[in-house]
Amino acid sequence: WMIFMNARICGIAIFIILVLCLAYCIWGKREDIQKKIKRCVDIFSIMVVLLPIIFPEKVAEYIYPDVNEHRIENKRLKDRNEDLQAENDALEMKNNDLEAEVEKLKNDSIRSSNNEDKNENTLEKTLKNIQIVNKDSRFEELKPYIDSYGNSYDIAHRLSGNFSGGFVVYDLQGNYTTFTGDVVAYTENSPIVYLKINVYKNNDEFIETVTGINKSQVAIEIGPYDVTGADNIRFDVEIDDEKSGNYDSGIADCCLVNVKVN
């Protein structure tokens, strides 16, 4: 740039000198007119060569009259391109933020779903939602159930004590620590029949035997049983022959009610 400026200054100086020389040739000492014309042509030729150096913009505008408009348009386009690039960078940053937010929401949704599944597996269970993994063919679910004393229950699981006895196995999956509930005799039982229930966890690990289940008896509490880590809990029902005396035949059932597992 400094070189260009120095050349331009020198060119202007030379141009001025040439103008003076041209004036001198025209109005100076008297000479042959042909010599003056030749000298003027030579000086003018040099001036024409120097003009692009001294006034490049003006010469360019003269030769290319639209160059200034093109220059302005190019600058406008360049500025517009810079603005678009800035907008693109901002949109890309915003898009990255949105992708990060979507990924975060996805991970939160997965964690929430896993927690819901975990909670579903570990929430307190009742007869309404506890899963049965095995039962005999005489098992029956009663909704609602009213016992001999008029007590009402939303749901009851009826088990038969006749013949080889009925049974039910509830799924625990090792997720619970305590099992509680009540047992009552079925309302249509013979008044002289007594039942007993053998309770097991993990299929064959004996817990206790519940006795005295009779139509005249109020609900008998079962548990609380420690079922920590147990896969299941089983209830086997049978007639208590020692207490049933002269019982020969007829209905001999009982109902599990108020069951809670937590």
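Modeller: Let me start with a term we will need: a residue is called exposed when its relative accessible area is over 50%, and buried when it is under 20%. Please also keep in mind that this is a predicted model.

Colleague: Okay, so is Phe-163 buried or exposed?
Modeller: Phe-163 has a relative accessibility of 82%, and because that is over 50% it counts as exposed.

Colleague: And where does Phe-163 sit?
Modeller: Phe-163 belongs to the loop between strand S6 (156-160) and strand S7 (167-171), and although Phe-163 is not a glycine, its phi is positive, at about 55 degrees.

Colleague: What about Asn-203, what is its phi?
Modeller: Asn-203, which is not a glycine either, has a positive phi of about 75 degrees; it lies in the loop between strand S9 (195-201) and strand S10 (205-213), and with 49% relative accessibility Asn-203 counts as partly exposed.

Colleague: Switching topic, which residues does the cis bond at Pro-224 join?
Modeller: That cis peptide bond joins Gly-223 and Pro-224, with omega at about 0 degrees, and Pro-224 is part of strand S11 (residues 220-226). The peptide bond from Lys-143 to Pro-144 is also cis, with omega near -15 degrees, and Pro-144 is in the loop between strand S3 (140-142) and strand S4 (145-146).

Colleague: And overall, how many helices and strands does the chain have?
Modeller: The protein chain has 5 helices and 13 strands, and 30% of its 262 residues count as buried.

Notes. Residues numbered from 1 in each chain as written. Predicted model: local features only at pLDDT ≥ 70, side-chain atom pairs only at ≥ 80, totals over all residues. Heavy atoms only, no water. Helix = DSSP H or I, 4+ residues; strand = E, 2+ residues; numbered from the N terminus. Buried < 20%, exposed > 50% of the residue type's maximum accessible area, 1.4 Å probe, protein only.
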